Amino acid sequence: MSRQPWLHDLQIAVDGSATVLSTRDGSIGGGATGWYVDDRRLLKGMILTLDAQKPTPVAASATGNRSQFWGAARHLGDAGADPTVEVHQHLSVQGHELLIEISITSRAQTQVHTELCLD
């Protein structure tokens, strides 16, 4: 039997009647996750992948109307134990508007190419 995650396992951003519930890696999809305005779900799915792989979650925080997510694209960049490609997602909700910013930073010794997909 599939169960919804506990609310304390979700990142929550709130502004007035608008709420975004996402997982600790910034994904929206499944269970109660989504972007809600006036108790209506406007977005029920959003998953970030790089070359069809989700970044490995490193940290997440949520305060007020903002959620932030830090991840590592371990399959990209230099070989070795320390990841050299970082993925940062900043999500903010303001009334009836949802803003998502994604930045990818590479410290790899060679140029990195990837296909970013947001489904």
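Guide: Start with contact, which means heavy atoms within 4.5 Å. Isoleucine 47 is a case: leaving aside neighbours within four places in sequence, isoleucine 47 is in contact with Ser27, Ile28, Lys54, Cys117, Leu118 and Asp119. This is a predicted model, in which local features need pLDDT of at least 70, side-chain atom pairs count only at pLDDT 80 or more, and totals for chains, interfaces and linings use all residues. Residues are numbered from 1 along each chain as its sequence is written, and side-chain values use heavy atoms, with hydrogens and water left out.

Visitor: Where does isoleucine 47 lie?
Guide: In the loop between strand S6 (45–46) and S7. Strands (E, at least two residues) and helices (H or I, at least four) are DSSP runs, numbered from the N terminus.

Visitor: How is the accessibility of isoleucine 47 read?
Guide: Buried means under 20% relative accessible area, exposed over 50%, and partly exposed in between (1.4 Å probe, protein chains only). Isoleucine 47 has 34% relative accessibility, so isoleucine 47 counts as partly exposed.

Visitor: How many helices and strands does the protein have?
Guide: Zero helices and twelve strands. The C-alpha trace spans about 50 × 35 × 20 Å along its principal axes. Of the 119 residues, 33% count as buried. Among contacts with a separation of 6 or more, 42% come from residues 24 or more positions apart.

Visitor: In what order do the four strands of the open sheet run?
Guide: Two strands pair if DSSP finds at least two bridges between them. Strands of a sheet pair through backbone hydrogen bonds, either parallel or antiparallel. In this protein, four strands form an open sheet in the order S8-S9-S10-S11, with antiparallel pairing. Strand S8 (56–63) and strand S11 (97–106) stand at the edges; each has a single partner strand, so one side of each is left without a neighbour in the sheet. The twist averages 15° from one strand to the next. For such angles, axes are lines fitted to C-alpha atoms (for helices over the stretch in contact), and values run from 0 to 180 degrees between N-to-C directions.

Visitor: How many bridges join S8 and S9?
Guide: Seven, in the antiparallel sense. Threonine 56 stands opposite alanine 72 in S9. S8 and S9 form a hairpin with two residues between them. Glycine 64, in the turn, has a positive phi of about 60°.

Visitor: How many bridges join S9 to S10?
Guide: Seven bridges join strand S9 (residues 66–72) to strand S10 (residues 85–94), and the two run antiparallel. Arginine 66 stands opposite serine 92 in S10.

Visitor: How many salt bridges are there?
Guide: The rule asks for a side-chain nitrogen of Lys or Arg within 4 Å of a carboxyl oxygen of Asp or Glu. By this rule the count is two. Aspartate 25 forms a salt bridge with lysine 54; their closest N and O atoms are 3.0 Å apart. Aspartate 25 lies in the loop between S2 and strand S3 (28–29), and lysine 54 in the loop between strand S7 (48–50) and S8, so the pair ties together parts that are 29 residues apart in sequence. Aspartate 25 is buried at 19% relative accessible area, whereas lysine 54 is partly exposed at 43%.

Visitor: Which residue meets glutamate 86 in a salt bridge?
Guide: Arginine 107, at 3.1 Å from N to O. The pair links distant parts of the chain, 21 residues apart: glutamate 86 is in strand S10, and arginine 107 is in the loop between S11 and strand S12 (116–118). Glutamate 86 is partly exposed at 26% relative accessible area. Arginine 107 also counts as partly exposed, at 47%.

Visitor: Is serine 22 buried or exposed?
Guide: Serine 22 counts as buried, at 1% relative accessibility. Serine 22 is found in strand S2 (residues 18–22). Not counting residues up to four places away in sequence, serine 22 touches Leu10, Gln11, Ser27, Ile28, Thr33 and Phe69.

Visitor: Which residues make the nonpolar surface patch?
Guide: Patches take residues with over 30% relative accessible area and no salt bridge; like charges are joined within 9 Å, and nonpolar side chains (Val, Leu, Ile, Met, Phe, Trp, Tyr) within 5 Å. Here Ile102, Ile104, Leu116 and Leu118 make a patch of about 300 Å². S11 and S12 are the elements that give two or more residues to the patch. Isoleucine 104 is in strand S11 and counts as partly exposed at 38% relative accessibility.

Technical notes. Areas by Shrake-Rupley, 256 points an atom, 1.4 Å probe, with all protein chains shown as cover.
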